[in-house]
Amino acid sequence: MALLQQPAVRERYQTEFAAVLVDEFQDTNAAQREIVYALAAPDQPERLFVVGDGKQSIYGFRGADVAVFETTQADVTAQWGPAARVVLQESFRAHARLLDAFNFLFQAIFAVDGERELFQVLFEPLRAVRASSAREPQLEIIEFPREIERAGAMVKVTLSDAREWQARELAARLMELVAQRFPVWDNAMRAYRPVRWGDVALLFRSSNLFPIFEDAFKAAQLPYLTLAGKGYYDRPEVRDLLYYLRALENPLDDLALAVILHSPLFALSGETLYRLRRDGETPRHFCDALRAMPPDIPSAERARVEFARAVLEKGWAQVGRAPILDLLHHALTATGYLATISALNDGDRRRGNVEKLLALARRTRAARVGDFNNYIRDLTTQEAREGEALLEADNAVRLMTIHAAKGLEFPIVVLPDASKGTAHGESAILLPTREMGAALQVHDAAHKTVKTVAYQLCRNAQQERERAEEKRLLYVALTRAQEYALILGAAEAEERSFLRQIKQALGAQREFAWGKITVREPQLRMDEMPAPLADAERAPETQVRARAEIPALAQPLAAPRLRDLAAFSATGLEALTSRPDDFVRRVLEGAPDRAPTVTRQTKTAYVPQYIVGDMTHRALRQWRFPHNTPELDKILAEYARGLGLADEKLIQAGVLATRKLLTRFTQSELFRAMDTARVRRHEVPFVCEWQGRTVHGSMDALAQTTEGEWFIADFKTDDVRGRALRAHALENYAVQLGLYQYAAAQVLNQAVSVRVHYAQRGETLELRAAELQDALTRAADAIQTFDETARRR
């Protein structure tokens, strides 16, 4: 943040980003906002775009401050007027009457007496898009008595007994709903269908209650899936691979090497690790021991040690030359790690977690191991805990925390133990607050702790913030429901509990304009168990355990089906039309566009053409050229390193090749048209409807001439020596460019021309509308042909 206060640094990054979009802005803090403002200040036109919902700010425990979201809104509207704040009020989740019930509840729960503080979010009701059925009630509350009669006397129910009672009653109620074929809306079918186990989610404040409900569900033979446990980055299979990358980054990191050598990657025994590490009185580094194996390593382990050395040596040799994804793939392939963990308990989940890490490596596109490790370290320490990769357990009730459920939705939401409040607890000697600074507890003459007036005021301010976040946590929990909400708790709810807030909002009323609410006692006695499921009602064992019996690697692959794709990218549709096999491989089967280059020292400094192309596109995106960017070579060199070039000779070759293409472009008519354009936008994203499907993509540039004519500019760095440019463009890019033209014309409501610039030749050509329309006709035919072929198979 201090760096961004330096004018030169701030200007460098402000020119790097044309605009800044921050999602989930309600979960930021003041320091993060200052970083955002340094990149895109609110007084800069068309630069800053934030998205958030203050009612869903629930990460105060990790430093998020909803007041930052509120003040940012004020900053933006003060600069640009009320129209700069766009309120999204339509909800596509809950049906109308359930949403009206939520609006009624939270209008009361979010209300404040007196002046509203910035951390006390103003409630703004939502409007449902989906209509309701005639079913009643909308909400159900099951209240459990604090005392029961035993042997003619009233006995108080302990907290642990009360929770077990709730779990058994809930199991019975869920079995009843399934048996009654309770109707829920299916978005995919666009119709109501009977409820399934997988439509139900139990949302908890914390995971310590999971075992109680798991035991009850097991006893009733009710299928469930618990989504909790260790944080994602602490999962053993993820930790193994992260430590592998740490060991590649620093071969002297003995902790990282000890972890991976003892893990399923190499499976060395503890005794072998000890012998490798021991060297007389002085411990030696594992990397040195692997390269000079001690003679006392057991013969049964020597082959494993040699194998570990060979795999790691190859990994060390590729650091700085191969992308992170390649380094991970090498480890997985060489060691058979995926096959090993698939054979372990919960193998599907473990593989899913590994695949999630690979997807993260693919998305970040980090070229340096250190950068990726730092990125993961930041995610681990600063971000909300990642959920594990979810299995497809369509017929299992979910158990998860409210924080894990944020952003998800379920037909039926259950809030267990909703009558339990949250305790304030004792504060530390030093109590910092955002509103009043910090205050101290002190000791009097008798050495007793005394809370000063300032301390009490700070403590009260902190408690008010906590209460406000509790209300938002309840809002997030209940609004996950699409059809029905079920709340369980003691009849005498504690202060600061969810149930107390709900009952205070309802009062004594049970019928409302939006529908009815049911408040009832449990049907089971405290010591009564629900009857187990009959065989016909019971989920298959694989669903009860929430994992498949057949290892995922042995599962048969489904044939790719184009009709399952509701959305296409423009480049994907181009591939389908021109290269169907490539489309299947890349789009349907998920293969990468290209195998990333591993750079190495060579006699001739050859840089892959696609890297030069990427460097050129990045410079064009920021409109950087030799004549207007004094430090262009340094910037291009950073581009090259970011794309995986490590050898300085190759980096300089890439810089020279890119500089040559940029200079050639500045001599073209297209450059002059764009440089003097009335409007010029780069990397313009679009989404449009075409042939009943959603098409999305990003145009290289969209510009408007001084005469008011709009045109799309597309830059190609292909080596097309000896080829006719128009034939090449129509053969390889016509569908993609036709979709660009179609989308732009829909938005601008006028004709848009398309110009393609071939940078290697320094030539620009304009594609005719008839040529592009013919390409789109071929694309529509290709979709139909592919689907017909798939059906015949």
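Analyst: A residue is buried when its relative accessible area is under 20%, exposed when it is over 50%, and partly exposed in between (1.4 Å probe, protein chains only). The structure discussed here is a predicted model, in which local features need pLDDT of at least 70 and side-chain atom pairs count only at pLDDT 80 or more, while totals for chains, interfaces and linings use all residues. Residues are numbered from 1 along each chain as its sequence is written, and side-chain values use heavy atoms, with hydrogens and water left out.

User: How many helices and strands does the protein have, and what share of its residues counts as buried?

Analyst: The protein has 28 helices and 25 strands; these are DSSP runs numbered from the N terminus (helices H or I, at least four residues; strands E, at least two). Of its 793 residues, 47% count as buried. Contact means heavy atoms within 4.5 Å. Among contacts between residues at least 6 apart in sequence, 73% join residues at least 24 apart.

User: How many aromatic pairs are there, and what makes Tyr59 and Phe61 a tilted pair?

Analyst: The count is 26 aromatic pairs. For Tyr59 and Phe61, the centres are 5.8 Å apart and the planes stand at 55°. Rings of Phe, Tyr and Trp (its six-membered ring) pair if their centres lie within 6.5 Å, and planes under 30 degrees apart are stacked, over 60 edge-to-face and the rest tilted. The distance therefore meets the limit, and the angle belongs to the tilted class.

User: Is Tyr59 buried or exposed, and is Phe61 buried or exposed?

Analyst: Tyr59 has a relative accessible area of 9%, so it is buried. Phe61 has 60%, and it is therefore exposed.

User: Why is the pair of Phe110 and Tyr475 called edge-to-face?

Analyst: The ring centres of Phe110 and Tyr475 are 6.0 Å apart with 80° between the planes, so the pair is edge-to-face by the rule for angles. This pair links distant parts of the chain: Phe110 lies in the loop between helix H4 (96-109) and strand E4 (127-128), and Tyr475 lies in helix H17 (residues 453-478), 365 residues apart. Phe110 and Tyr475 are both buried.

User: Which residues do ring pairs link into a cluster?

Analyst: Trp623, Phe625, Phe665, Phe671 and Phe715 are joined into a cluster by ring pairs.

User: Which residues make the contact of H8 with H11, and of which class are they?

Analyst: Leu257, Ile260 and Leu261 of H8 meet Ala308, Leu312 and Trp316 of H11. By class, this contact has six nonpolar, no polar and no charged residues. Ala, Val, Leu, Ile, Met, Phe, Trp, Tyr, Cys and Pro count as nonpolar, Asp, Glu, Lys and Arg as charged, and the others, Gly among them, as polar.

User: How do you know whether Arg520 is buried or exposed, and which residues does Arg520 touch?

Analyst: Arg520, in strand E19 (residues 515-520), has a relative accessible area of 18%, so it counts as buried. Leaving aside residues up to four places away in sequence, Arg520 touches Glu140, Ile141, Ile142, Glu143, Glu169 and Arg173.

User: How do you know whether Leu661 is buried or exposed, and where is Leu661 found?

Analyst: Leu661 has a relative accessible area of 5%, so it is buried. Leu661 is found in helix H24 (residues 648-666). Leu661 and Thr616 are 45 residues apart in sequence, yet 7.3 Å apart in space, C-alpha to C-alpha. Among the residues that Leu661 touches are Val612, Thr717 and Ala759.

User: Which residues of helix H23 are buried, and what do they pack against?

Analyst: In H23 (residues 632-642), the buried residues are Leu632, Ile635, Leu636, Ala637, Tyr639 and Ala640. The buried residues of H23 pack against helix H1 (7-16), helix H22 (609-621) and H24.

User: Where is Glu46, and why is Glu46 called exposed?

Analyst: Glu46 lies in the loop between helix H2 (30-39) and strand E2 (48-50). Its relative accessible area is 65%, so Glu46 is exposed. Glu46 has a phi near 55°, a positive value in a residue other than glycine.
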